[in-house]
Amino acid sequence: MKKTTLSCLVLITLMFITNLLLSEATSAPNPVLDTTGKIIRVGYDYMVVPLRKDLGGELGLAFIGTQVCPLGIGPRLNPNNAGLSINFFPVNFKKGVIRESTDLNVEFTETYTICQHHSNVWRLDHYNPQKEDHVITNGGVKGNPGRETYSNWFKIVKYGAGYKFVFCPSVCNYCDVICKNVGIFVQNNGQALLALRNEPLEVMFKKV
């Protein structure tokens, strides 16, 4: 009788653990996939490739106006020139998998030699406050989710044949944040910059 009771308890415990694991698996957002259909993971380098070829090539650092340092981010004007590789750092770094609609930091893996005092972490910045233009620049802070760093958190969302970046951080429950797509603002010199827009920039991620 005791053996039967013990077996039942073990069986119930195993069923509970199995259901818990299945519940967690089904509730987790879909993983973000690269151009080969493989899951994007922490610790690997990727290139961001816009699907609109008329804008230029892969994403890299870009000059905003007449700035000495390329603080902006945008497609390379010459599509034949390679962009800069990036790393993703999700808010829950231990998970290791980059998932859709989840807060993450984006960081270029290379540094512009004459501007090494700037970090390569993406952040939301003001380009022209009078026009309420918000552009994406480098110079952000990696990690430490909260009120002081909410401008450094982005999300990747499935869009069309690829994905889009969205600025709508969830790392600060009591912060008044903007929720908008990351699209394109084209300067007078033809250089496109990542900025908050109604129309998103559709991109894919190519493993380096």
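**Close-up views of a predicted model**

View 1. What does the side chain of Glu58 meet in a salt bridge? The partner is the side chain of Lys206, with N and O 2.9 Å apart. Is Lys206 buried or partly exposed? Lys206 counts as partly exposed, because its relative accessibility is 35%. Side chains of opposite charge can pair when their charged atoms come close.

**View 2. Lys142 meets Glu107.** Here is another of the four salt bridges in the structure. The N to O distance between the side chains of Lys142 and Glu107 is 3.1 Å. Lys142 is partly exposed at 39% relative accessibility, whereas Glu107 is buried, with a relative accessible area of 18%.

**View 3. Asp125 and Arg123.** Which residue forms a salt bridge with Asp125? It is Arg123, and the closest N and O atoms of the two are 3.4 Å apart. Asp125 is partly exposed, with a relative accessible area of 24%. Arg123 is partly exposed too, at 25%.

**View 4. Gln187 reaching for Phe63.** Start in the loop between strand E10 (180-186) and strand E11 (192-197), where Gln187 lies. From there the side chain of Gln187 reaches the backbone oxygen of Phe63 at 3.0 Å. Gln187 counts as buried, because its relative accessible area is 8% and the label applies under 20%.

**View 5. Rings around Trp122 and Phe154.** There are eight aromatic pairs in the model. In one of them, the ring centres of Trp122 and Phe154 are 6.2 Å apart and the planes stand at 80°, so the pair is edge-to-face. This pair links distant parts of the chain: Trp122 is in the loop between E5 and strand E6 (123-128), Phe154 is in the loop between E7 and E8, and they are 32 residues apart. How accessible are the two residues? Trp122 is buried at 1% relative accessibility, and Phe154 is buried at 1% as well. Step back to find both in a cluster linked by ring pairs, together with Tyr46, Phe88, Phe108, Tyr163, Phe165, Phe167 and Phe205.

**View 6. The largest pocket.** Rolling a probe the size of a water molecule over the atoms shows where empty space is left. The largest pocket has a volume of about 280 Å³. How many residues line this pocket? The lining is made up of 13 residues, and those nearest the centre of the pocket are Ala28, Pro29, Asn92, Lys95 and Arg99. By type, the lining of the largest pocket holds seven nonpolar, four charged and two polar residues.

Terms used: Residues are numbered from 1 along each chain as its sequence is written. This is a predicted model: local features need pLDDT of at least 70, side-chain atom pairs count only at pLDDT 80 or more; totals for chains, interfaces and linings use all residues. Side-chain values use heavy atoms; hydrogens and water are left out. Buried means under 20% relative accessible area, exposed over 50%, partly exposed in between (1.4 Å probe, protein chains only). Helices (H or I, at least four residues) and strands (E, at least two) are DSSP runs, numbered from the N terminus. A polar contact is a pair of N or O atoms within 3.5 Å; within protein, one must be able to donate a hydrogen and the other to accept it, and residues adjacent in sequence count only if both atoms are side-chain atoms. On a 1 Å grid over the protein atoms alone, a cavity is a set of points where a 1.4 Å probe fits but cannot get out, and a pocket is an open set with protein on both sides within 12 Å along at least five of seven lines; lining residues have an atom within 4 Å of a point. Grid points are joined across faces, edges and corners, and a volume is the space filled by probe spheres set on the points. Ala, Val, Leu, Ile, Met, Phe, Trp, Tyr, Cys and Pro count as nonpolar, Asp, Glu, Lys and Arg as charged, and the others, Gly among them, as polar. Rings of Phe, Tyr and Trp (its six-membered ring) pair if their centres lie within 6.5 Å; planes under 30 degrees apart count as stacked, over 60 as edge-to-face and the rest as tilted.
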